[in-house]
Amino acid sequence: MVSIRNIVKKYKSGSEEIAALGGISAEIRTGEFTVILGPSGSGKSTMLNMLGGMDRPTSGQILVGGEDISELSEKKLTDYRRKNVGFVFQFYNLVENLTAYENVGIAADLNGNAGNAADALKDVGLEKRMKSFPNQLSGGEMQRVAIARAVAKSPKLLLCDEPTGALDVATGEKIFALLKKYSRNKDTAVVVVTHNPEVAKIADHVIRLRDGMIVADETVNQQSIEQQAV
Ligand code: ADP
């Protein structure tokens, strides 16, 4: 569903230029749980930001349904993000003075789907916490609210940057299981950036980055193995 072709991203830092991505190509498919793995500084967040239209590449293409989003106007790129992309961050990014329901509802409303907020919270197991404020919730619960907020607008791309980075191992595993569940929706591609190699075990597709380059790209789900065999 999203193809990135020969993406280069350079950042200027004083007089120096840093190549965060050195010319990478990959396919992100709906119905799959894709994990981008690599050490800190390898370019994972930069790649995620390119997919989400948060930033533009220095060169290369990002094809979404055949259209190159790197060439869209600022307004059209904002529309692309709003309609197609749900983001989940390491530190949840919830609004402190809004309840769980309001946090989800505001995002859903922006996309014209306000009615989905309660359903989205039920779906992540928080039907009894809708009126709670973020500071009344555990880290795992806050991340569930953030996931509900991201999925309430039925995004084509659910992009998660170190979503378990602030959680203990057991809670993190539950969050990964929840994200995997959403990848089973054939209209959604779930992409998780992490430095935790354990997650590769439950992924359908693993992209390994090092120094801004893809060093391995493995598709491990049964369907693709069958397709390769044909
Ligand atoms: P990761 O997510 O794997 O930790 P990043 O994509 O955040 O890696 O960063 C890749 C490289 O690009 C790093 O060397 C980082 O310092 C650099 N970088 C990322 N964002 C910026 C920026 N806005 N300005 C300058 N350098 C940046």
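## Two helices side by side

Helix 5 (residues 139-151) packs against helix 6 (residues 169-183) at an angle of about 15°, and their axes lie 10 Å apart. Because angles under 35 degrees count as roughly parallel, helix 5 is roughly parallel to helix 6. Please keep in mind as you look around that this is a predicted model.

**How the two helices meet**

- Two packed helices are described by the angle between their axes and the distance between the axes.
- The crossing of helix 5 and helix 6 is right-handed.
- On the helix 5 side, the residues that take part are Gly 140, Gln 143, Arg 144, Ile 147 and Val 151.
- Their partners in helix 6 are Thr 171, Lys 174, Ile 175, Leu 178, Leu 179 and Tyr 182.
- Sorted by class, this contact of helix 5 with helix 6 has 6 nonpolar, 3 polar and 2 charged residues.

**The chain around them**

- Stepping back to the whole chain, you will find 7 helices and 10 strands in its secondary structure.
- The C-alpha atoms fill a box of roughly 45 × 40 × 35 Å along the principal axes.
- The chain has a radius of gyration of 18 Å, which agrees with the value near 17 Å that a compact globule of 230 residues would have.

**Inside the fold**

- Of the 230 residues in the chain, 49% are buried.
- Looking at contacts between residues at least 6 apart in sequence, 69% join residues at least 24 apart.

Technical notes. Residues numbered from 1 in each chain as written. Predicted model: local features only at pLDDT ≥ 70, side-chain atom pairs only at ≥ 80, totals over all residues. Heavy atoms only, no water. Axes fitted to C-alpha atoms, helices over the stretch in contact; angles between N-to-C directions. Helix = DSSP H or I, 4+ residues; strand = E, 2+ residues; numbered from the N terminus. Parallel < 35°, antiparallel > 145°, perpendicular 65-115°, else oblique. Left-handed = near helix turned anticlockwise from the far one by under 90°. Contact = heavy atoms within 4.5 Å. Nonpolar A, V, L, I, M, F, W, Y, C, P; charged D, E, K, R; others polar. Rg over C-alpha atoms; globule rule 2.2 N^0.38 Å. Buried < 20%, exposed > 50% of the residue type's maximum accessible area, 1.4 Å probe, protein only.
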